[in-house]
Number of protein chains: 2
Amino acid sequence: MRYVVFPGGHRIRPRLCVSVAEACGDDDPEAADCAAAAIELLHCASLVHDDLPCFDDAPIRRGKPSVHVEYGEPIAVLAGDALIVLAFETLARGAARSPRRLAALLRCVAQSVGAPRGIVAGQAWECESAVSLTDYQRSKTGSLFVAATVAGAIAAGAEPEPWRMLGATLGEAYQVADDLRDILCDEEELGKPIGQDAARLRPNAAALLGIGGAKNRLEQLVRAAVESIPPCPGAVELRATIKAQTSQFFPRQLAREAA
Amino acid sequence: MRYVVFPGGHRIRPRLCVSVAEACGDDDPEAADCAAAAIELLHCASLVHDDLPCFDDAPIRRGKPSVHVEYGEPIAVLAGDALIVLAFETLARGAARSPRRLAALLRCVAQSVGAPRGIVAGQAWECESAVSLTDYQRSKTGSLFVAATVAGAIAAGAEPEPWRMLGATLGEAYQVADDLRDILCDEEELGKPIGQDAARLRPNAAALLGIGGAKNRLEQLVRAAVESIPPCPGAVELRATIKAQTSQFFPRQLAREAA
């Protein structure tokens with residue numbers, strides 16, 4: 001479990017969760033921290049199970065051997081299971097000060113990772129012969145970004161629904177960026193094998209729109225995300241944070257060109 | 001997911017959870033029902049993942065093809081994952097009336113299924129060359145029985161710790177009964193392949209103590225369980241319920257001999 005979680009990637013989702021909580025006033029930082037940690041643990045769990053031989057059979061992840069390569073398939077299945085459980089246990093740990101927020105947090109996070117609309121559903125679309133691209137990407141990638149913004153708001157005692165659009169738009173932006181990276185990056189920058197979408201016949205925005213088209217789409221989505229931020233005490237700081245965080249979405253090559 | 005959960009087995013763990021809640025006064029039946037359902041969903045999830053090719057590679061379960069045989073390995077992994085998530089979502093659903101009980105319920109249930117002391121840890125012991133039998137059985141079987149009694153008490157607003165012994169003792173009794181069934185039953189009664197402990201070199205109480213010895217041990221554990229019931233409004237009814245429920249632990253052959 002430690003091998004899966006450390007060292008991490010960019011921790012985009014938990015940082016987004018905490019940033020939204022801070023923008024909403026963050027009257028209970030422990031709740032926001034625990035929600036953010038739970039979301040990252042669930043993301044890590046999904047990586048371990050996605051890498052299994054019966055799915056992507058991926059040999060490396062975040063620049064090191066994937067869990068089933070390092071520890072064997074049984075331990076990889078169990079580590080993923082235990083990370084899911086630990087995520088929910090972590091949510092409970094953050095509920096000391098505001099116990100009435102826990103049920104909403106739990107529902108929000110659970111729905112973003114389970115079936116019928118969470119990560120598990122997204123991964124299950126890969127088993128189908130006819131795939132709705134929108135449903136697939138919304139479930140597999142978008143749902144946890146929505147959970148990050150919505151849970152951040154709930155943890156801070158704010159109205160959650162106005163924060164859904166920010167998560168959904170950032171999730172879509174991240175997906176486009178991921179598609180660009182799959183085509184533009186080398187394995188070292190990506191920390192996992194490149195060209196996997198083409199190899200697996202998965203839809204890829206950069207293949208569909210061209211690299212320039214995908215880059216425009218990504219910039220458009222980042223602008224839409226920043227504009228979607230609802231009125232809140234820390235809106236100005238959050239806009240700056242989102243711009244800084246999303247600049248990391250761009251592959252090095254595009255970031256260099258833009259600079 | 002429906003295929004895994006219906007039709008079920010004896011539903012021993014959720015019935016135990018509800019029985020304990022009723023014995024404690026059950027001032028919030030929805031909380032107890034949801035805790036019981038969560039526990040059964042987690043039990044079902046563990047069966048699906050245990051049956052996977054990388055663990056038991058079991059062809060049948062509850063008298064029908066196991067999930068990976070019927071739907072393929074990817075869907076079996078995902079169905080298990082989604083059932084874990086659904087269990088926690090179900091806990092949240094039961095928290096409307098007594099939100100302050102949710103964090104304790106969540107912790108109790110999560111600890112019984114995760115690592116380092118829950119079902120996942122128990123299953124992981126099977127990957128080790130040197131196994132502590134007690135740790136293995138306590139984690140793999142006992143932990144969810146403890147969760148059933150403790151969660152029943154928490155859901156009803158009662159002090160949870162006095163209920164731990166009942167769950168632990170019933171879990172041990174169930175393990176001995178399961179060992180007896182693995183040796184005494186035919187595949188039809190068991191709904192899964194027999195003789196698996198010997199085939200997999202797993203410890204088996206009936207092999208260690210003999211069938212008579214294991215039967216005595218089972219009766220002794222059932223008596224100890226009934227005696228462990230702490231003072232509560234419905235103690236008399238609960239004692240009768242436990243006796244009736246545990247009589248189902250005995251394989252048909254032993255039950256006939258006892259009659």
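This tour goes through a predicted model, one selection at a time.

The model is predicted, with local features needing pLDDT of at least 70 and side-chain atom pairs counting only at pLDDT 80 or more, while totals for chains, interfaces and linings use all residues. Residues are numbered from 1 along each chain as its sequence is written, chains are lettered from A and ligands numbered from 1 in the order in which they are written, and side-chain values use heavy atoms, with hydrogens and water left out.

Begin in chain A by selecting helix α5 (residues 73–93) and helix α6 (residues 102–113), whose axes come within 10 Å and cross at roughly 160°; helices here are DSSP runs of H or I of at least four residues, and strands are E runs of at least two. Axes are lines fitted to C-alpha atoms, for helices over the stretch in contact, with angles from 0 to 180 degrees between N-to-C directions. The two helices are therefore roughly antiparallel (over 145 degrees; under 35 is roughly parallel, 65 to 115 roughly perpendicular and the rest oblique). Show the side chains of A:F88, A:L91 and A:A92 in α5(A), which meet a set in α6(A) including A:L105, A:V109 and A:V113, contact meaning heavy atoms within 4.5 Å.

Staying in chain A, select A:K140 in helix α8 (residues 133–155), which is buried with a relative accessible area of 19% (buried is under 20%, exposed over 50% and partly exposed in between, with a 1.4 Å probe and protein chains only). Leaving out residues up to four places away in sequence, A:K140 touches A:D50, A:G118, A:I119, A:G122, A:Q123 and A:E126. The C-alpha atom of A:K140 is separated by 8.3 Å from that of A:V113, 27 residues apart along the chain.

Finish at B:S66, in the loop between β2 (64–65) and α4 (67–71) of chain B, which counts as buried at 2% relative accessibility. Beyond its neighbours within four places in sequence, B:S66 is in contact with B:D51, B:A58, B:P59, B:I60 and B:R61.
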